[in-house]
Amino acid sequence: MEFRLEHTDGLARAGSIMTHHGLIPTPIFMPVGTQGAVKAVEPRELEEIGARIILGNTYHLYLRPGRDIIERAGGLHGFIGWRRPILTDSGGYQVFSLSDLRGIEEEGVTFKSHLDGSSHTFSPERVVEIQRVLGSDIMMVLDECNPYPCDEAYAFRSHALTLRWAGRCQNRMAQTSPAYGANQSLFAIVQGSTYPAIREQSARALVAMDFEGYAIGGLSVGEPAELMYMMTGLCTAILPASKPRYLMGVGTPENILEAIARGVDMFDCVMPTRNGRNAVLFTRRGKLNMRNAVHTADLGPVDPDCTCYTCRSFSRAYLRHLFKAGEILALQLASIHNLAFYLWLVRSAREAIAERRFAAWKDSLLAALAAEPVISIP
Ligand SMILES: [Zn+2]
């Protein structure tokens, strides 16, 4: 993997990540395909709306369908029919949030599957080995993600453990080879909850270990947005300019713009697909709830400035009808549009950075996004 920083505008950055499976222009949004599928969206549609990289999850894919079948398929790319880059999360977050957690030891984490109650252990070495089999272009270290709020002593111990685990992941990475000949990279994850001193210590220690990229983890877990921005800015000020930076699990269009302004390059979030399935659509003028009666006879597109298949082909009235009638097509069309919106957002940010007008563009878009009141899901 090679990262090239192409333009800066203030702290905002535009660059390119070169991987075996293709080039990723940054800033980038990565659609989430936790179980090897972006919910309700076909890979060919993802390509059409300009998705350059998608996410998979080690915890989910390890439990089901399991490593063997993915290995026999030649890796995740072959198994799921996606030719472009894939990033896999280590599964640490899911172990802590989904499974019946049995213990966090120095060696690793023991848990019972949320699917069938079977017992498993994830060690730092094991998650690297599993991600080798998945064949992901970008792999993540095993980390402990703290809840919010989290007391300072716990956050410190947790950061120290995450740091030792990062070193073990890096060692195993060096001892193993890509399963299918395609180069794989390993990103570290900065933790430290909302404590500036711990965040700083975490970032500095990981930078000294020289990873290929750095994620900022443990944010967007319930803390106020201002605190998220503060922690993000603190981390990006320490992380090297020559490596990509990934803010995990963030967020709203507003969150993404503010994080780009603080020097973040990569994002993932379930928000566009999950909101889409709940009939909430993002537009350049704020969010719409397609179940709202105001759309009953509106034959205009969801977003007149959007060029996605949904907006080119269908009206707000039809989308509302599909949601009211419980048609599966509603979930597909809404997910396509929302992902297209997020990808437009990061593409436009990239153009604005290249033309050194990012701050003005961001301010005008933030004003437009706030213009239409958010209509709550009934
Ligand atoms: Zn659209």
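**Close-up 1. Zinc site.** The zinc ion has four protein donors, Cys 306 (SG), Cys 308 (SG), Cys 311 (SG) and His 337 (ND1), at 2.1 to 2.3 Å. Donors are N, O and S atoms within 2.8 Å of the metal (3.2 Å for Na, K and Ca); water is not among the atoms, so sites may look incomplete. This is a predicted model: local features need pLDDT of at least 70, side-chain atom pairs pLDDT 80 or more, while totals for chains, interfaces and linings use all residues. Residues are numbered from 1 along each chain as its sequence is written, and side-chain values use heavy atoms, without hydrogens and water.

Close-up 2. The site is tetrahedral, with angles of 95 to 118° among its 4 donor atoms (for four donors, all angles must lie between 85 and 135 degrees). Donor spacing in sequence is C-x1-C-x2-C-x25-H. Cys 306 is buried, at 9% relative accessible area. Cys 311 is buried too, at 8% (buried means under 20%, with a 1.4 Å probe and protein chains only).

**Close-up 3. Sheet S1-S2-S3.** This open sheet of 3 strands has antiparallel pairing (strands are DSSP E runs of at least two residues, numbered from the N terminus; a pair needs at least two DSSP bridges). S1 (2-9) and S3 (22-26) are the edges: each has a single partner strand, so one side of each lacks a neighbour in the sheet. S2 (residues 12-19) meets S3 over 5 bridges. Thr 19 stands opposite Gly 22 in S3.

**Close-up 4. Hairpin S7-S8.** S7 (residues 100-104) and S8 (residues 109-112) pair antiparallel over 4 bridges. The hairpin joins them through 4 residues. Gly 103 has Thr 110 of S8 as its bridge partner.

Definitions and conventions. Four donors count as tetrahedral if all angles lie between 85 and 135 degrees; four count as square planar and six as octahedral if opposite donors are over 155 degrees apart and all others between 65 and 115; anything else is irregular. Buried means under 20% relative accessible area, exposed over 50%, partly exposed in between (1.4 Å probe, protein chains only).
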